[in-house]
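Okay, thanks for having me, everyone. Let me put the sequence and the model up on the screen, and then I'll walk you through a few spots.

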Amino acid sequence: MLKGFRDFIMKGNVVDLAVAVVIGAAFGAVVNSLVENILMPLIAAIFGSADFDSFALLTISGVDIKFGVFLTVLVNFIIVAAAIYFMVVVPMNHIIARRNAKLGIKDEEPAVDPQIELLTEIRDALKSAPSSGQH
């Protein structure tokens, strides 16, 4: 039983997953620090407040409906998504494109749907066929 457990833990994909989780957590801390310590203070300097928690607060029958809290979370999500996109996705795409260009790897053209190809052939055949002048 212990040997089976050891074999399971030592499989490559389990170790890769563990490394990915640790790196993801560390990267999450970097992105959160960027948002909380740099971007949100800039927003606070521009708009006067770093959050919108008190914005659009509605009380019905003693129950608070907090549209502003949702707006704060939504803005934070957009900022985090933008930070990840511009800090990770764009540079990685650029690096991959440069590597592929250096290695001479070209993007594959998408396969043409056989029905589209057949319709294209029919269209071309009709265009090249001599017309008799009758319709």
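So, which residues of helix H3 are buried? Gly68, Thr72, Ile79, Ala83 and Asn100 are. Before I go further, please keep in mind that this is a predicted model.

Let's stay with H3 for a bit. The helix runs over residues 67-103, which makes 37 residues. At 1.5 Å a residue it should span 54 Å, and the C-alpha atoms at its ends are 52 Å apart, so the two values agree. Still, H3 has a kink of about 35°, and the kink is centred on Tyr85.

By the rule used here, the count of aromatic pairs comes to one. That pair is Tyr85 with Phe86, and it is edge-to-face, with 5.0 Å from centre to centre and 80° between the planes. And how open are these two? Tyr85 has 42% relative accessibility, so we call it partly exposed. Phe86 is at 56%, and because the cut-off for exposed is over 50%, Phe86 counts as exposed.

Another residue in H3 is Ala81. Its relative accessibility is 34%, which means partly exposed. Now, where does Ala81 sit relative to Val31? In sequence they are 50 residues apart, but in space their C-alpha atoms are 9.4 Å apart.

Compare that with another couple of residues, Phe5 and His94. Those are 89 residues apart in sequence and 41 Å apart in space, again C-alpha to C-alpha. Phe5 belongs to helix H1, residues 2-10, and it is exposed, with a relative accessible area of 53%.

Okay, on to backbone angles. Just after H3 comes Gly104, with a positive phi of about 75°. You can find Ser61 in the loop between strand E1, residues 57-60, and strand E2, residues 63-66. Ser61 is also exposed, at 75% relative accessibility.

Last topic, charges. How many salt bridges does a search of the whole structure find? One. The side chains involved are those of Asp124 and Arg123, and they meet at 3.0 Å, N to O. What about their exposure? Asp124 has a relative accessible area of 38%, so it is partly exposed. Arg123 is partly exposed as well, at 43%.

Definitions and conventions. Residues numbered from 1 in each chain as written. Predicted model: local features only at pLDDT ≥ 70, side-chain atom pairs only at ≥ 80, totals over all residues. Heavy atoms only, no water. Salt bridge = Lys/Arg side-chain N within 4 Å of Asp/Glu carboxyl O. Buried < 20%, exposed > 50% of the residue type's maximum accessible area, 1.4 Å probe, protein only. Helix = DSSP H or I, 4+ residues; strand = E, 2+ residues; numbered from the N terminus. Expected span 1.5 Å × (residues − 1). Bend = angle between axes of the 7 residues up to and from the residue. Phe/Tyr/Trp six-rings, centres within 6.5 Å; stacked < 30°, edge-to-face > 60°.
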